Amino acid sequence: MAMALRLYLLLIVFLSSAIVSFSLYEDQVGLMDWHQRYIGKVKHAVFHTQKTGRKRVIVSTEENVVASLDLRHGEIFWRHVLGTKDAIDGVDIALGKYVITLSSEGSMLRAWNLPDGQLVWETSLHSAQHSKSLLSVPVNLKFDKDYPILVFGGGYLHAVSPIDGEVLWKKDFTAEGFEVKRVLQPLESSIVYVLGFLHSSEAVFYQIDSKSGEVVAEKSKAFPGGFSGEISSVSNDKVVVLDSTRSILVTISFVDGEISFQKTLISSLVEDSGEAEILSPLLSNMLAVKVNKRTIFVRVGDQGKLEAVDSLSDETAMSDSLPVADDQVAFASVHHEGSKIHLTVKLVDDLDTVLLRESIQMDQHRGRVDRVFINNYIKTDRSNGFRALIVMEDHSLLLLQQGAIVWSREEGLASVTDVTTAELPVEKDGVSVAKVEHTLVDWLKGHILKLKGSLLLASPEDVVAIQEMRMKSSGRSKLTRDHNGFRKLFIALTRAGKLFALHTGDGRIVWSTLLNSPACARPSGISLYQWQVPHHHAMDENPSVLVVGRCGSDSSSPGVLSFVDVYTGKEISSSDIGHSVVQVMPLPLFTDSMEQRLHLIADTDGHVHLYPKTPEALGIFQREFQNVYWYNVEGDDGIIRGHGMKSSCAGETADEYYFTTRELWTVVFPSESEKIISTLTRKPNEVVHTQAKVSTDQDVLYKYVSRNLLFVATVSPKGAGEIGSVTPEESALVVYLIDTVTGRILHHLSHQGCQGPVHAVFSENWVVYHYFNLRAHKYEVTVVEIYDQSRAENKNVWKLVLGKHNLTAPISSYSRPEMFTKSQSYFFPQSVKTIAVTSTAKGITSKQLLIGTIGDQILALDKRFVDPRRTLNPSQAEKEEGIIPLTDSLPIIPQSYITHSLKVEGLRGIVTAPAKLESTTHVFAYGVDLFYTRLAPSKTYDSLTDDFSYALLLITIVALVAAIYITWALSEKKELSEKWR
Amino acid sequence: MDKRKAVMGAGRRWAVDFSDQSTVPSSRDILDPPGFSRVSPEQDDSATSRQKKDAEANWKLQKAWEVAQSPFKNLMMMGFMMWMAGNTVHLFSIGITFSALWQPLSALQSVGKVFEPFKDNKVELLMPKLVFLALNLGGLALGIWKLNTLGLLPTHASDWVSSLPPPQEVEHSGGGFAFH
């Protein structure tokens, strides 16, 4: 038995060494990779009021994260990332020990344990229609066991027990045109008030017994003017709404079950007139109204009488009111003044009483204050102290306390939209390497330690020292370029329009800058391009990136171009281009003498604009004018249109960098049977080493490598929904390869009974895509490799030796290349979020697919596994070449998760960039979290590993030399004595 | 002699006569020592010496032929070794192939030296040399063939195009979905 076990173990050891795995050892974690955890832009924040965990705050964010943060350091205690479709509508604390979250438009209610974040219960609520959802958690802490949590969402009002999540009763409000606006649960009352509008013109008021859910009373009253929908509840028996003209404030009071309206003209409150807007903060007996960019505080009197008490400039953010001692209620407001922000905490009842006034220096690159949440605490001298959690325009989260920023979190990085890479500055002569590196003694000491480690002589302390040394190994986080290209910057553009430069060594933010525009306050960033990458002037020119942004959310709103210096993070220039931005086409092959890359920007009218606007760029572009094309995909109509350049508009307008285009071709997918769900092209900067693919029998296949290929996946319109919503007969998936110059469909492949979503990756001459097979109830991965038939005749060795071939001649899409494809499909056991492929400097190293799995991890899968040449029984020669026997599904080897034990929560994209060392590639994954690592798909064949012991090598050499000398001396001696004998 | 002397006496005072007159004993002043025979061997035993010579030449030729044929044995052994080494590239097969290439080459270089001992104006060495050359060339061919079967010779189209970069494209196209 033991023998068999041993044999089995041996076999396992043998097998595991046979399969090339790229796993890490435990002590290698964190050497090359880093992981950063974020939560996203905070929407709601609830401070703990209980003694247990006073130092924590519960936040919910726009990235659908609910998290508990440490108030002292800003660390995450626990965090849960709900799905992308599970947006959080409300968060509160119930019973003092549960965090209640309402999500998915009020159809999902969950309770999390406050200290450790474990899910206590989850209730799925019935929902009939889309509507805003409301969460009302009883505030009374002592007697609330009987009081239910009231949830309105999807047309129903649910009362849910906070203890176990059981639905106690539900009330149907799905009547047509009825909109529930407020659910109020007065303290120590068993009556629930529900206020809603019927057709926006009639106020309906229900009183519901909170125990049974029976309607006790129902009142309604029509309001002739109609309501605009904005509402502010000022007290338990009054709400204030705006009428449909937005010029009258209506106080609705429902004292004793009677509804009464009281109208107040806004113009009677303030001189300014104009459209008003009710701001969101909940203040007791007061509301904030925004008129003409000014914030006006309106006090609501006992009789519903309104009076304006104060007004503030527009750039003011306010918090909800907070009860402080002695039945007083306070609120905080923050406004900007120059580079400072002023935090003011006032009493709601008496705006002249200022409880706190602080001024704090604020970084300009954080923009304006967006939201404020305040919390009070009792200082040692028994007075009230306040801490404020503020959310800035760049989504960062800061805690202010005692006039200082206690901590800040760069939450903008949770919503990265585009990423590019940039080089670090070249090491100048002035900087001495020796000063930065260790001294020789330290170096030797370090190596001796390493040697001890490798000879298993190290004590536990030594092991710790070694690990520490490796973690902060000398050059890892230096701000200069290194020989291997391991140190780089990842430039990330976030949804807030902020640009971050992250160092690959340790992931720290090297610089960050918020986009500005002269035309609009804050343009939204769209995409990021490498604008200038100096090679010839690397010493004296700084590289720069182009950020394309837009003023406003509409696609026709004018664009903004911003050029940012990569080394310093300074905005070199920013310009309003005066036209819309629909597409940006970098022309990577064309650079001017300053090594600025030419870019074409298409606007909504189908014209293209050339950048940079210099005569030189124009000259370069004019030369290639006839060979530049563009296409656009109209996903909704199922049309792909190709355009060619027509003429310069120099005659019509003064702008000679502006060109008209003509439509050359269209590909129309029949809307009744096909709907475009995914398109993909190769990465424009991908390097391909060779055009030939050599098979086992020395045969040559010529890859069809073209930048002008578009992969399009369509499904039947019925199958565009969720997986499993259609039968296999109803759904088909068709993929196309389209030449975007001529519009020719080079290849198409149809998968009957399959469904999206399609995740694909396109590299060199192959496409790998992932979809769902409805018949097999499994996910599938298909690989399509494209080969050029027209060049396949180049097989005469003598012609090739003499160079008489046309293989390197430039090719044109108009030459109608003949092509053929090879493809193969496999089952894949997991659902996929995104797929990427490794890229290396010269394209020689074999490729790995990087699959972002549904579990937010990244799996590295060798391209060898998705090779159409795989057969069931590969011949010996094929095996030697590395062809793996065909299996029906792709293996998931646990060691090949490059994220090892970590999760990149909310994974959205994976970016790869080559290092200078051919074997190595940078991998950057973003989602709510950020993750970076370096990968060597074929192992580091061109360099020694980090833990290579130079000391051991040195000692070995010294020992060998010594041994040679000693033996030589000995042999001399012996010879001499022999001779004397 | 007298005549010469007379000539000398007529015009010169002295002269040294270097001509060897030992073959003419009758005209010598000094007698040969006793037991010394002035008869040359071939003159006195020409038949037996010719026989000996022929035997030696035959022997040389034979040896030359042997040497000429010796690569054949080598060839067979090489062939066997190559067969044993298999067709995959590894240390053993590479070593064998290179020794198979090196041996004929070095042998060809030293053809003259190998046949030097058998050099004789009576021995016809051309044929053995040709055979030797042919066999060694055969060995070389075998080595090259082995090299080829190992796939180390650039005889396939794939060997000439495997690092050919993809051709440039004339057209450039860009685009995609419109930005939202």
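Tutor: We start with ground rules, then take a few labels in turn. This is a predicted model: local features need pLDDT of at least 70, side-chain atom pairs count only at pLDDT 80 or more, and totals for chains, interfaces and linings use all residues. Residues are numbered from 1 along each chain as its sequence is written, chains are lettered from A and ligands numbered from 1 in the order written, and side-chain values use heavy atoms, without hydrogens or water.

Student: Why is Leu444(A) called partly exposed?

Tutor: Its relative accessibility is 41%. Buried means under 20% relative accessible area and exposed over 50%, with partly exposed in between (1.4 Å probe, protein chains only). Therefore Leu444(A), at 41%, counts as partly exposed.

Student: Which helix of chain A holds Leu444(A)?

Tutor: Helix α4. Helices are DSSP runs (H or I, at least four residues), numbered from the N terminus. Helix α4 covers residues 440-454 of chain A and gives the nonpolar patch its largest share, 4 residues.

Student: Which residues form that nonpolar patch?

Tutor: Leu440(A), Trp443(A), Leu444(A), Ile448(A), Leu944(A) and Tyr950(A), with about 600 Å² of accessible area together.

Student: Where does UniProt place the "transmembrane region" of chain A?

Tutor: The unreviewed entry puts it at residues 948-971. UniProt annotations may be inferred rather than shown by experiment. In the model, residues 948-971 of chain A are 92% helix and 0% strand, with end C-alpha atoms 35 Å apart.

Student: What does UniProt list for chain B?

Tutor: Residues 80-105 and 125-145, as "transmembrane region" in an unreviewed entry. Residues 80-105 of chain B are 81% helix, with ends 19 Å apart by C-alpha atoms. Residues 125-145 of chain B are 95% helix, with end C-alpha atoms 30 Å apart.

Terms used. Helices (H or I, at least four residues) and strands (E, at least two) are DSSP runs, numbered from the N terminus. Patches are made of residues with over 30% relative accessible area and no salt bridge: like charges are joined within 9 Å, nonpolar side chains (Val, Leu, Ile, Met, Phe, Trp, Tyr) within 5 Å. Accessible areas come from the Shrake-Rupley method with a 1.4 Å probe; for residues, only the protein chains shown count as cover. A salt bridge is a side-chain nitrogen of Lys or Arg within 4 Å of a carboxyl oxygen of Asp or Glu.
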